Amino acid sequence: LFIAPLMMLMSLFMAWREIDTTRFLFWVTSATGLLLLLAQLRLHYFGSFAIFMPLLVVADGYLRRGAFKPAVGWSVLAVAFAVAFSPAVRTRFFGRQILAGDGSYMMIHRLFPQLGNLCRDRPGVMLVNAFDGHYIRFHTDCKVIANNFLVTEQDVKKFAEVDALMHAPAAKVLEMHPSIAYVFVHRNAMFISDPEGYLELAPPDYPGVITQPLVRELLDSDPKQLPPRFRLEINIPYSNNPGTNFARVFAILPSTATP
């Protein structure tokens with residue numbers, strides 16, 4: 001956040017005074033990439049290189065002109081970069097990582113082989129939180145109603161449709177969307193610091209762990225008390241709270257034909 005704006009201004013300044021077309025393209029690309037990076041962190045692949053590459057290009061120019069001895073110049077750069085990247089190296093290489101950078105995925109990924117078998121035997125539409133849509137499509141043959149990649153007006157409508165289903169009671173879900181074959185719900189994987197500073201899974205009653213009524217109903221209810229077409233297929237208990245469920249998958253049985 002502090003270095004990126006400075007690098008963007010430097011790239012613009014260097015582009016303004018650059019006469020070589022190749023380097024001009026580099027400076028414009030760096031400035032544009034940093035603009036995207038500052039707009040959204042998820043666009044880092046367009047601009048993360050420009051946080052340090054412009055400095056290397058400038059340093060290379062000084063070294064080529066003989067302003068510094070090469071050994072001295074590269075030694076200073078090496079030390080500077082070692083200091084700058086030491087926090088990232090320490091935390092990323094030696095710290096415990098959250099799988100895929102998503103705490104919920106880390107908690108539920110072990111059920112995907114079994115879920116994949118269910119969808120392979122009986123493919124269909126799975127009702128899941130839109131933020132889990134990509135995971136379901138990657139790991140299984142089931143379809144989803146929406147994911148969190150909102151580009152078109154239809155994407156927005158489908159996202160709203162999932163949100164409405166997640167706020168409906170189980171008895172109404174199949175009336176609202178009769179083609180649903182599976183329902184997959186889980187608590188939000190929120191992590192909090194313990195007294196010693198280590199991360200631990202937030203307890204089930206922690207604010208924000210459950211935000212949607214359907215999720216609460218399907219996780220906390222006895223399966224026998226749910227609508228008869230809901231059959232429990234997979235259950236993952238809460239790791240640090242026995243007796244509480246973290247995730248569940250229900251298969252929706254075909255409706256009984258009426259005479």
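Student: Which residues in α2 meet α4?

Tutor: The model is predicted, so read every contact as a feature of that model. From α2 come R23, F26, W27 and S30. They meet M53, P54, V57, V58 and D60 in α4.

Student: How are two packed helices described?

Tutor: By the angle between their axes and the distance between those axes. Here, α2 covers residues 21-39 and α4 covers residues 53-64. Their packing angle is about 150°, and the axes lie 11 Å apart.

Student: At what angle do α1 and α4 cross?

Tutor: Roughly 45°, with the axes coming within 10 Å. Helix α1 spans residues 3-17. The two helices are therefore oblique to each other. Handedness is again a separate reading: α1 passes α4 in a left-handed crossing.

Student: Which residues of α1 and α4 make that contact?

Tutor: On the α1 side, M7, M10, S11 and M14. On the α4 side, P54, L55 and V58.

Student: How far apart are the axes of α1 and α2?

Tutor: They are 8 Å apart, at an angle of about 150°. So α1 and α2 are roughly antiparallel. Their crossing is left-handed. The α1 residues in contact include A4, M7, M10 and M14. Those of α2 include F24, W27, A31, L34 and L38.

Student: Let me turn to the interior. What do nonpolar side chains tend to do?

Tutor: In soluble globular proteins, they tend to be buried together. In this chain, 36% of the 259 residues count as buried. The largest nonpolar core holds 24 residues. L111, L115, M126, I136 and F184 have the most contacts inside that core.

Student: Which residues does L115 touch?

Tutor: Leave out residues up to four places away in sequence. Then L115 touches M126, I136, T140, F184, I234 and V249.

Student: Is H177 buried or exposed?

Tutor: Buried means under 20% relative accessibility. H177 has 12%, so H177 counts as buried. H177 sits in the loop between α10 (170-176) and β3.

Student: Which residues is H177 in contact with?

Tutor: V125, I145, E161 and L165, once neighbours within four places in sequence are set aside. Take V125 as an example. V125 and H177 are 52 residues apart in sequence, yet their C-alpha atoms are 9.8 Å apart in space.

Student: How many helices and strands does the whole chain have?

Tutor: It has 11 helices and 7 strands. For contacts across the sequence, start with pairs at least 6 apart. Of these, 52% join residues at least 24 apart.

How values were computed
Residues are numbered from 1 along each chain as its sequence is written. This is a predicted model: local features need pLDDT of at least 70, side-chain atom pairs count only at pLDDT 80 or more; totals for chains, interfaces and linings use all residues. Side-chain values use heavy atoms; hydrogens and water are left out. Helices (H or I, at least four residues) and strands (E, at least two) are DSSP runs, numbered from the N terminus. Buried means under 20% relative accessible area, exposed over 50%, partly exposed in between (1.4 Å probe, protein chains only). Contact means heavy atoms within 4.5 Å. A nonpolar core is a set of buried Ala, Val, Leu, Ile, Met, Phe, Trp, Tyr and Cys residues joined through side-chain atoms within 4.5 Å. Axes are lines fitted to C-alpha atoms, for helices over the stretch in contact, and angles run from 0 to 180 degrees between N-to-C directions. Angles under 35 degrees count as roughly parallel, over 145 as roughly antiparallel, 65 to 115 as roughly perpendicular and the rest as oblique. A crossing is left-handed if the near helix is turned anticlockwise from the far one by less than a right angle, and right-handed if clockwise.
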